[in-house]
Amino acid sequence: MTTLHRAQQLKCSVQELTRRDEVFSFLKPDHHPLIDTRHNVLLYVEGVNKSFDGFKAINDLNLYIKEGELRCIIGPNGAGKTTMMDIITGKTKPDTGQVWLGSNINLLKMNESEIANAGVGRKFQKPTVIECLTVWQNLELAMSGVRGVWGTFVAKLSGKQKDKLESVLTLIHLQDHATLTAGNLSHGQKQWLEIGMLLMQNPKLLLVDEPVAGMTHQEMDRTSELLNSLTGKHSVVVVEHDMDFVRSIASHVTVLHQGHVLAEGTMDQVQSHPEVKQVYLVE
């Protein structure tokens, strides 16, 4: 490390120590300190309504996600799935209702970045990895903590950080592609990398939108294995249309229709539900 680099690091350390509005990075917890899941529920969505130009996208929605569970959300187009995720992540504010992370964190009083810092991660349908960077650099840049882009490339990772990054690489099946640029990955591998980037931020809740769209059968199987491996450590909400994939991962399924919960239960239970058959599933 050059003298200039050492001086820059020392300057940043002094600035951090003298700031009154920032918790020191070495004291920051992996998860928001206020999250209270003593009732075993991580996400509360209660009485939520949202209309757009007279169209009711969300209609008295009540949804409860337990800590550490993997929940699948299914439903026809226009059922409100995307609007629901937009509300949870702060992109859209509801007209009425409540959304809480644990018992103490009111997500409706927070903006998108504050919600992300509180422990809510979202993966959109289309991967948003940085294609000109390597797989390793994408994960490193996504690592939780206050780090600038330049700092990412000049700072030296601690042993704990390296272990975290390597464990995520293995989890997302990209340990043999760490030095490959993200733009050269397959579609499925880019999906895994984006999930890995979320995991580097230590989220409590992951919202995953149609993770297997466009994947090969082999990639779908690996994605199923990946999402199942997250249960217990994270709460994962998966929005998906592929019923075979949903069956492979979900013990609990919620069916949305016209902005509210039409049915909940196991995959067998919702598939045999008369109204679900009528509005969504083809017999």
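How are helix 7 and helix 8 oriented to each other: roughly parallel, roughly antiparallel, roughly perpendicular or oblique?

1. Basis of the note. This is a predicted model, in which local features need pLDDT of at least 70 and side-chain atom pairs count only at pLDDT 80 or more, while totals for chains, interfaces and linings use all residues. Residues are numbered from 1 along each chain as its sequence is written, and side-chain values use heavy atoms, with hydrogens and water left out.

2. Overall composition. The protein has 11 helices and 10 strands (DSSP runs numbered from the N terminus, helices being H or I of at least four residues and strands E of at least two). Of its 283 residues, 46% count as buried (under 20% relative accessible area, with a 1.4 Å probe and protein chains only; over 50% is exposed and in between is partly exposed).

3. Contacts in sequence. Among contacts between residues at least 6 apart in sequence, 66% join residues at least 24 apart; contact means heavy atoms within 4.5 Å.

4. Helices 7 and 8. Helix 7 (residues 187-199) and helix 8 (residues 217-230) pack at an angle of about 10 degrees, with their axes 10 Å apart. Axes are lines fitted to C-alpha atoms, for helices over the stretch in contact, and angles run from 0 to 180 degrees between N-to-C directions. The two helices are therefore roughly parallel to each other (angles under 35 degrees; over 145 is roughly antiparallel, 65 to 115 roughly perpendicular and the rest oblique).

5. Residues between helices 7 and 8. Gly188, Gln189, Trp192, Ile195 and Leu199 in helix 7 meet residues of helix 8 that include Glu219, Arg222 and Leu226.

6. Helices 4 and 7. The axes of helix 4 (residues 135-142) and helix 7 come within 8 Å and cross at roughly 30 degrees, which makes helix 4 roughly parallel to helix 7. Val135, Asn138, Leu139 and Ala142 of helix 4 make the contact with Leu193, Gly196 and Met197 of helix 7. This contact has five nonpolar, two polar and no charged residues.

7. Glycine 80. This residue lies in the loop between strand 3 (70-74) and helix 2 (81-88). Glycine 80 is buried, with a relative accessible area of 8%. Not counting residues up to four places away in sequence, glycine 80 touches Ala57, Ile58 and Leu256. The C-alpha atoms of glycine 80 and alanine 57 are separated by 5.4 Å, although these residues are 23 residues apart along the chain.

Conventions:
Ala, Val, Leu, Ile, Met, Phe, Trp, Tyr, Cys and Pro count as nonpolar, Asp, Glu, Lys and Arg as charged, and the others, Gly among them, as polar.
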